[in-house]
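Work through the exercises below with the sequence and the model in view, and try each task before reading its solution.

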Amino acid sequence: MTKLTRFFGTFLLIVSISAVALADGNGGNTQGPPAPPPPPAAQSVTDSAETIDSTQTAQNSVLDVATAEADLLEAWLVSALL
């Protein structure tokens, strides 16, 4: 009787999972059409030199933080080895 109950439970689980997977109404096709390409970026009337300067400043600040972290790691490793 236990085997029959386990078999019925497994059967019911598989059927319910299959029903949920096929419930989208497309016969099991779960992927729709591909998304449309994004629209082109709007062109703004800003000074390109200003944009380049702000981008360069942001990149420099990230580089400074990474360099500081590398120096800190180096100092920590040297002190741990000595």
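**Exercise 1: the span of a helix**

Compare the reach of H1 with the span expected for its 20 residues.

Solution. From first C-alpha to last, H1 reaches 29 Å, which is close to the expected 28 Å, the expected span being 1.5 Å times one less than the number of residues. Helices here are DSSP runs (H or I, at least four residues), numbered from the N terminus. The model is predicted, and local features need pLDDT of at least 70. Residues are numbered from 1 along each chain as its sequence is written, while side-chain values use heavy atoms, without hydrogens and water.

**Exercise 2: cover**

Is Phe-7 buried or exposed?

Solution. First, locate Phe-7 in helix H1, residues 2–21. Next, apply the cut-offs: buried is under 20% relative accessible area, exposed over 50%, partly exposed in between (1.4 Å probe, protein chains only). Phe-7 counts as exposed because its relative accessibility is 58%. Finally, widen the view: H1 is hardly covered, with 0 buried residues among its 20, and 0% of the chain's 82 residues count as buried.

Notes: Predicted model: local features only at pLDDT ≥ 70, side-chain atom pairs only at ≥ 80, totals over all residues. Helix = DSSP H or I, 4+ residues; strand = E, 2+ residues; numbered from the N terminus.
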